[in-house]
Amino acid sequence: AATFVMALGTGITVAVLASLAVGARGFAAQLGDLGGRGEFGARAIEVLAAAAILVFGLLMLGGAIAARG
């Protein structure tokens, strides 16, 4: 039962992430239509997203190290 629930959770997570990616692509296309300011906005969002992923990964690493210790 636990394996099924984990698989279901993974499937839901992947579906949500895919939906967000499609939505973000449309949003980025709209920003691109704005010209120079749109490009800056797209780059700023890209950098913020990369920083968020980095921070989340470091938090997960820290939690894994703390759990071993």
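A residue is called buried when its relative accessible area is under 20%, exposed when it is over 50%, and partly exposed in between (1.4 Å probe, protein chains only). With that in hand, let's walk through this predicted model, where local features need pLDDT of at least 70, side-chain atom pairs count only at pLDDT 80 or more, and totals for chains, interfaces and linings use all residues. Residues are numbered from 1 along each chain as its sequence is written, and side-chain values use heavy atoms, leaving out hydrogens and water.

Start with the overall fold. The chain has two helices and zero strands (DSSP runs numbered from the N terminus: H or I of at least four residues for helices, E of at least two for strands). Its radius of gyration is 17 Å, well over the 11 Å that the globule rule gives for 69 residues, so the chain is more spread out than a compact globule. That radius is taken over C-alpha atoms, and the rule is 2.2 Å times the number of residues to the power 0.38. Along the principal axes, the C-alpha atoms fill a box of roughly 50 × 30 × 5 Å. Buried residues make up 4% of the 69 residues.

Now look at helix 2 (residues 36-68), where Arg43 and Glu46 sit three residues apart, about one helical turn. Arg43 forms a salt bridge with Glu46, their closest N and O atoms being 3.5 Å apart; the rule asks for a side-chain nitrogen of Lys or Arg within 4 Å of a carboxyl oxygen of Asp or Glu. Arg43 counts as exposed because its relative accessibility is 56%, while Glu46, at 49%, is partly exposed.
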